[in-house]
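User: I would like to go through this model in short questions and answers. Please keep each answer brisk.

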Amino acid sequence: MARESFQHVIDSHTTLFGVIGDPIRHSKSPIMMNRAFCETGVNGVYTAFHITDQTLPAFIAGVRAMNIRGVNVTIPHKLQVMELLDHIDEGAAALGAVNTVVNDNGILTGYNTDGIGYVRSLKEEAIASLAGKRIVVIGAGGAARGIIYALLQEQPAQITVVNRTVDKAEQLAAALGGYAKNGAAVLDARSTDSLQALCGEAELVINTTSVGMFPNVDASPLDASWLQPGAVASDLIYNPLQTKFLLDAKQRGCITHGGLGMFINQGAYAFEYWTGKPAPVAAMREIVLASLQA
Ligand code: NAP
């Protein structure tokens, strides 16, 4: 079916958007978001700004001065940016991290779309409902924090965080345990010694560590023979698109889910917050995939 396509013209009505980080030149967000504007006819342009800890306050003043409509925030500014904003959404406040800023005529509000982007992708690609499921999350860093908060809203039976440094898993479970919707889920923490036994009972096992990420593509956070055939194996890594963990899990008879969908959907939520329009997710995925495979 022929689809309407828009020419991406930059003129004196063009609205500004961007992503900030240090480093930032590796970011795929500009190609993804500019494709989204082009697909939907939004007169916007999105660029990458290399912002350091020292220049962050001046950048945020510039957002207000130039009326930049939306900003994505990546490492290392997700925490520090919060004190420079006017409002923080409840989810972002619970996580202690902002990855999306919306500018409403000078009033800046911070959101976190990482976790909800992950859950949207997981439900679309691998598992329709998380209610009553037993979930194991490997890793207790920033990414784990975001997805656990979002998973707790889905009424799973249990989420167990397993981390090499068990103290960090315990701190995470203590910080987020109170956010389970209707108090349904139990959130607890274990050391990696328990991983084999936990995987034998889990319907969903998620790798949030960097184990298996390029260039260490032969590493995996677990032995796939520990997984139940038919369980979902999910990896936040998207470089490579298919990690060793996912390839081994597929051989074991598991349903697999890679990290690209999380990246696309965290951007899709940001696009929707900024424009009020549904994000053109398929086109966003297509251009990021092409860029990763180039
Ligand atoms: P982070 O805050 O630095 O946390 C890293 C986690 O990985 C920690 O739990 C750490 O354990 C664990 N870890 C690192 N190396 C390990 C090893 N050799 N063995 C066992 N555990 C190890 O990083 P993050 O921001 O959470 O990011 C984690 C991963 O998620 C990265 O691969 C990143 O690319 C991915 N990610 C993907 C998306 C997406 O959109 N798909 C978004 C964000 C992040 P310790 O506590 O013991 O150090």
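## Salt bridges, ligand and surface

Analyst: In this predicted model, the side chains of Arg 120 and Glu 272 meet in a salt bridge, at 2.9 Å from N to O.

User: How many residues apart are Arg 120 and Glu 272, and in which helices do they lie?

Analyst: The pair links distant parts of the chain. Arg 120 is in helix α4 and Glu 272 is in helix α9.

User: Is Glu 272 buried or partly exposed?

Analyst: Buried requires a relative accessible area under 20%. Glu 272 has 21%. Glu 272 is therefore partly exposed.

User: How many salt bridges does a search of the whole structure find?

Analyst: The Arg 120 and Glu 272 side chains meet in a salt bridge. So do those of Asp 86 and Arg 64, at 2.9 Å from N to O. A search of the whole structure gives 11.

User: Where do Asp 86 and Arg 64 lie?

Analyst: This pair also links distant parts of the chain, 22 residues apart. Asp 86 is partly exposed at 38%, and Arg 64 is partly exposed at 31%. Asp 86 is in the loop between β3 (70-73) and β4 (87-88), and Arg 64 is in helix α2 (residues 56-66).

User: Which parts does the salt bridge of Arg 35 with Glu 286 tie together?

Analyst: The closest N and O atoms of Arg 35 and Glu 286 are 2.7 Å apart. The two residues are 251 places apart in sequence, so the pair ties together helix α1 (residues 29-40) and helix α10.

User: Which residues are linked with Arg 35 in a network of salt bridges?

Analyst: One partner is Glu 286, which forms a salt bridge with Arg 35. Glu 286 is partly exposed, with 46% relative accessibility. The residues linked with Arg 35 in the network are Glu 39 and Glu 286.

User: What separates the C-alpha atoms of Arg 285 and Ala 36?

Analyst: Arg 285 lies in helix α10 (residues 281-293). Arg 285 and Ala 36 are 249 residues apart along the chain. Their C-alpha atoms are separated by 9.9 Å.

User: Which residues come nearest to the ligand?

Analyst: There are 20 residues around the ligand. The shell divides into 9 nonpolar, 9 polar and 2 charged residues. Those that come nearest are Ala 143, Asn 163, Thr 165, Lys 168 and Leu 236.

User: What share of the ligand does the protein bury?

Analyst: A polar side-chain atom of Asn 163 is 2.8 Å from a ligand oxygen. A backbone N or O atom of Leu 236 is 2.8 Å from a ligand nitrogen. Taken alone, the ligand exposes 930 Å², and the protein buries 70% of that.

User: Which elements give two or more residues to the shell around the ligand?

Analyst: One of them is α5 (142-152). In α5, 8 of the 11 residues are buried, so it is largely enclosed by the rest of the structure. The elements giving two or more residues are α5 and α9 (260-275).

User: Which backbone oxygen does the side chain of Thr 113 reach?

Analyst: Thr 113 lies in the loop between β6 (107-111) and α4 (114-125). Thr 113 counts as buried, at 0% relative accessibility. At 2.9 Å, its side chain reaches the backbone oxygen of Gln 266.

User: Which residues make the nonpolar surface patch of about 270 Å²?

Analyst: One of them is Val 217, in the loop between β10 (204-207) and β11 (232-235). Val 217 is partly exposed, at 33%. The patch is made by Met 213, Phe 214 and Val 217.

Conventions. Residues numbered from 1 in each chain as written. Predicted model: local features only at pLDDT ≥ 70, side-chain atom pairs only at ≥ 80, totals over all residues. Heavy atoms only, no water. Patch = residues over 30% accessible without salt bridge, like charges linked within 9 Å, V, L, I, M, F, W, Y side chains within 5 Å. Areas by Shrake-Rupley, 256 points an atom, 1.4 Å probe, with all protein chains shown as cover. Salt bridge = Lys/Arg side-chain N within 4 Å of Asp/Glu carboxyl O. Helix = DSSP H or I, 4+ residues; strand = E, 2+ residues; numbered from the N terminus. Buried < 20%, exposed > 50% of the residue type's maximum accessible area, 1.4 Å probe, protein only. Near = heavy atom within 4 Å. Polar contact = N/O pair within 3.5 Å; in protein donor to acceptor, adjacent residues only side chain to side chain. Nonpolar A, V, L, I, M, F, W, Y, C, P; charged D, E, K, R; others polar.
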